[in-house]
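Biologist: I'd like to learn how to read pockets in a model. Could you walk me through an example?
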Number of protein chains: 2
Amino acid sequence: MTARGPATGRRGAAVRAGVLRSALELLADSGYASLSMEAVAERAGVHKTTVYRRWSNREALVTDAVLEGSSTEFGIPDTGDIDADLRDGVRALARWLDGPVGRPLVAMLASDAGRLPAVQSAKRRFFAERAAVASDRVAAAVAAGQLPAGTDPTALLSTLVAPLYLNLLVTSAPVTDHDCDRAAAVALTAARAGLLGPAP
Amino acid sequence: MTARGPATGRRGAAVRAGVLRSALELLADSGYASLSMEAVAERAGVHKTTVYRRWSNREALVTDAVLEGSSTEFGIPDTGDIDADLRDGVRALARWLDGPVGRPLVAMLASDAGRLPAVQSAKRRFFAERAAVASDRVAAAVAAGQLPAGTDPTALLSTLVAPLYLNLLVTSAPVTDHDCDRAAAVALTAARAGLLGPAP
């Protein structure tokens with residue numbers, strides 16, 4: 001398929017989504033260094049002018065792909081039981097990180113693309129948004145007496161997800177269900193010991 | 001300085017160390033994609049044939065630089081007080097990761113170089129070695145009744161260092177003394193709650 005005319009509406013959105021997905025897949029396959037606009041166009045099945053019309057260079061394209069890919073709304077589930085919800089939330093995150101969007105995103109973190117200023121700020125924003133989403137759930141758990149008052153959502157979230165990223169980015173070990181359950185148990189135990197207050 | 005003849009002995013070792021350090025610095029500055037043998041030679045102040053004589057390509061050079069850089073013996077201190085020793089150990093690691101060898105190594109983890117098979121296996125080996133070094137200190141703490149029997153050195157080490165790498169590789173946040181002290185406190189609390197046994 002080629003899309004030479006101005007692609008608008010539903011078709012334009014589909015072209016855009018296809019190009020961004022292809023960019024993430026190529027990043028995952030072979031890194032940022034060898035990524036070309038032409039290769040992305042070819043993988044997405046569109047003409048390269050379609051790509052250049054929307055993104056002036058590969059930095060802009062990769063940044064958009066990362067922002068789009070990371071915009072998934074990740075909430076902590078709310079069944080009223082914070083222990084079960086954190087465990088389920090970490091398992092869901094691990095599945096997402098190992099899926100069609102998460103894998104390319106993680107590979108991108110561990111590639112030259114990760115040093116692009118726009119990608120760096122996208123990473124920070126992604127994490128800040130997750131913490132903001134988590135804060136309501138944490139407040140509810142505090143209100144229910146399941147977590148101590150003063151538990152900092154960012155500290156809780158960091159403790160919760162850090163072991164996953166250690167495996168993915170440093171030790172290249174798979175993230176197992178046991179890793180997820182342990183991460184949740186460690187974060188809960190630390191919070192209840194009063195260790196996860198806000199940074200001074 | 002140029003080193004055209006076979007550089008051996010002390011001078012050869014100095015040339016080798018200079019080239020490896022320059023390779024790590026260039027990786028930290030601008031990533032793997034744009035790293036060339038010529039640029040490394042220039043930064044190290046040696047002729048490029050000196051570099052090519054020892055390393056046939058940049059993959060071999062980068063792998064050697066990473067292996068050399070990560071070979072520092074990182075032990076957990078042993079004053080007899082595991083709480084203080086873990087806290088000091090994490091702080092020392094954080095300082096090293098922010099120093100002249102650690103910074104390039106961390107930047108390398110987050111670059112296209114990180115996907116080289118030899119670098120992947122160097123990362124795994126680095127981590128396995130650290131766990132092996134930690135296991136004696138953990139055994140001593142168990143013997144002293146400061147940690148529960150069955151505490152797994154790898155699980156303890158992962159819990160201890162994961163928050164540091166989260167900051168360095170994912171959220172691009174600085175690692176503060178408070179982060180280090182909290183990481184140690186969380187790992188100790190988790191171990192004492194019986195959460196850091198070996199994986200099933």
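Modeller: Gladly! By class, 13 nonpolar, four polar and seven charged residues make up the lining of the second largest pocket; Ala, Val, Leu, Ile, Met, Phe, Trp, Tyr, Cys and Pro count as nonpolar, Asp, Glu, Lys and Arg as charged, and the others, Gly among them, as polar. This is a predicted model, where local features need pLDDT of at least 70 and side-chain atom pairs pLDDT 80 or more, while totals for chains, interfaces and linings use all residues. Residues are numbered from 1 along each chain, chains are lettered from A in the order in which they are written, and side-chain values use heavy atoms, without hydrogens and water.

Biologist: Which residues lie nearest the centre of the second largest pocket?

Modeller: Rolling a probe the size of a water molecule over the atoms shows where empty space is left. Here, D98(B), R103(B), V106(B), A107(B) and L168(B) lie nearest the centre, out of 24 lining residues. α5(B) gives the largest share of this lining, four residues.

Biologist: What is L168(B) in contact with, beyond its neighbours within four places in sequence?

Modeller: Contact means heavy atoms within 4.5 Å. By that test L168(B) touches L97(B), V106(B), A173(B) and V175(B). R53(B), by contrast, is 115 residues from L168(B) in sequence and 35 Å from it in space, C-alpha to C-alpha.

Definitions and conventions. 1 Å grid on protein atoms, 1.4 Å probe; cavity = no way out; pocket = protein on both sides within 12 Å on 5 of 7 lines; lining within 4 Å. Helix = DSSP H or I, 4+ residues; strand = E, 2+ residues; numbered from the N terminus.
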